[in-house]
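Please work through the exercises below with the sequence and the coordinates at hand. Each task is followed by a stepwise solution.

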Amino acid sequence: MSTSRPGMTRIVAGESQTPKRRRALEVALAVGLVLLISVGAVVASAVARDSNATAAPDAATTPAAELKLGYFGNITHATALVGVQKGFIAKELGDTKLSTQVFNAGPAAIEALNAGAIDATYIGPNPAINSFVKSKGESISIIAGAASGGAQLVVKPEIKTAADLKGKTLASPQLGGTQDVALRAWLGKQGYKTNTDGGGDVAINPTENAQTLKLFQDGKLDGAWLPEPWASRLVLQAGAKVLVDEKDLWDGSLTGKAGEFPTTILIVNKKFAAEHPQTVEALLKGHVEAVKWLNDTPAAEKAAVVNAALKQDAGKALAQNVIDRSLKNIVFTVDPLAGTFKKLLQDGVDAGTTKQADLNGLFDLRALNSVATEKTTAAGLGQD
């Protein structure tokens, strides 16, 4: 792991983000802070009553001393890779320190966000939905889109149609993740039953992406629904073929943008956003600049910068043909495509990975719309 980027750590699913001793200290500090705030609130209330004040003023908000940002070492997280590598986010944050953590799975990132180990993260939509649903709307807000597209079902060449999948074994990055839900939803529409324990007409084994590549090369998997660059790696380096390109499943009726569906979004811890709205706005300014750079930069330069970031964050650069194919499959956008989220939730319900819920309040796009030229909508699921 490179040490050229201070404050960056790497987290994988199942790892603890904070040592026990540090956690104990943080808990003690938090308890002390709560007591201090409580005493202050009592005093403030008494002063207000004594002065016959009609209303207490809102607590002043300030920029955070530090922003802890998560993302994955994937091409679908290129907005984060570029935003950090090119310094767009750090520049906008000014005196606020930027620290980053690289994750390999959505559940690990959500765990870190909910525990306060990070303040914001780039992530797929389904883990964000799951967190919102489980917390009854208290945990996170979606504040921007980052990437659309770049997910495919790739299979052995002898598999010609969906009918050939019965009894086969497929992989997804993680149970309940965005590609896992997409795979289960699509198989359901083909008449197949799947179980979250790996049973059913088609077996689905949630597997770390690098391991999926090796298992496919060894003939132990029949296919996988993967984000970039892993779909391209299986095609170009392991002889897989594309059976389903997910963009072909989205006709634009929910968003007005045919072929687009959210692959990566930017979310923030609600408590952090309420306490430090200036910092969230600064993050979004850097985010918008990174998306613009990705869309305006020539392909060769874009591939070089993204590959350099991948080498630093993931430990290894990609082959040129892999990164070129991957980038062609992705649309970088600040629009989270909110109109798709009711369907994404329903797909998760049908797949057995989440519960039916009200998604109202999931989005807060006010800060994004104050800094971006493109107006985005919450589609009735929050504020814009």
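The model is predicted: local features require pLDDT of at least 70 and side-chain atom pairs pLDDT 80 or more, while totals for chains, interfaces and linings use all residues. Residues are numbered from 1 along each chain as its sequence is written, and side-chain values use heavy atoms, with hydrogens and water left out.

**Exercise 1. Describe the overall make-up of the protein.**

Step 1. Count helices and strands, taken as DSSP runs (H or I of at least four residues; E of at least two) numbered from the N terminus. The protein has 14 helices and 14 strands.

Step 2. Of the 384 residues, 51% count as buried.

Step 3. Examine contacts, that is, heavy atoms within 4.5 Å. Among contacts with a separation of 6 or more, 76% join residues 24 or more positions apart.

**Exercise 2. Characterise the packing of α8 against α12.**

Step 1. Determine the geometry, using axes fitted to C-alpha atoms over the stretch in contact and angles from 0 to 180 degrees between N-to-C directions. Helix α8 (residues 230-238) packs on helix α12 (residues 320-328) at about 135 degrees, with the axes 9 Å apart.

Step 2. Classify the angle: under 35 degrees is roughly parallel, over 145 roughly antiparallel, 65 to 115 roughly perpendicular and the rest oblique. The angle therefore makes α8 oblique to α12.

Step 3. List the contact residues. From α8 come Ala231, Ser232, Arg233, Val235, Leu236 and Gln237, and from α12 come Asn321, Val322, Arg325 and Ser326.

Step 4. Sort them by class, with Ala, Val, Leu, Ile, Met, Phe, Trp, Tyr, Cys and Pro as nonpolar, Asp, Glu, Lys and Arg as charged, and the others, Gly among them, as polar. The contact has 4 nonpolar, 4 polar and 2 charged residues.

**Exercise 3. Which residues other than glycine have a positive phi of about 55 degrees, and where does the cis peptide bond lie?**

Step 1. Leu337 has a positive phi of about 55 degrees without being a glycine, and is placed in the loop between β12 (330-332) and α13 (341-351). With 2% relative accessibility, Leu337 counts as buried.

Step 2. Ala379 likewise has a positive phi of about 55 degrees, in the loop between α14 (366-371) and β14 (382-383). Its relative accessible area of 38% makes Ala379 partly exposed.

Step 3. The peptide bond from Glu228 to Pro229 is cis, with omega near 10 degrees. Pro229 is found in the loop between β9 and α8.

Key:
Buried < 20%, exposed > 50% of the residue type's maximum accessible area, 1.4 Å probe, protein only.
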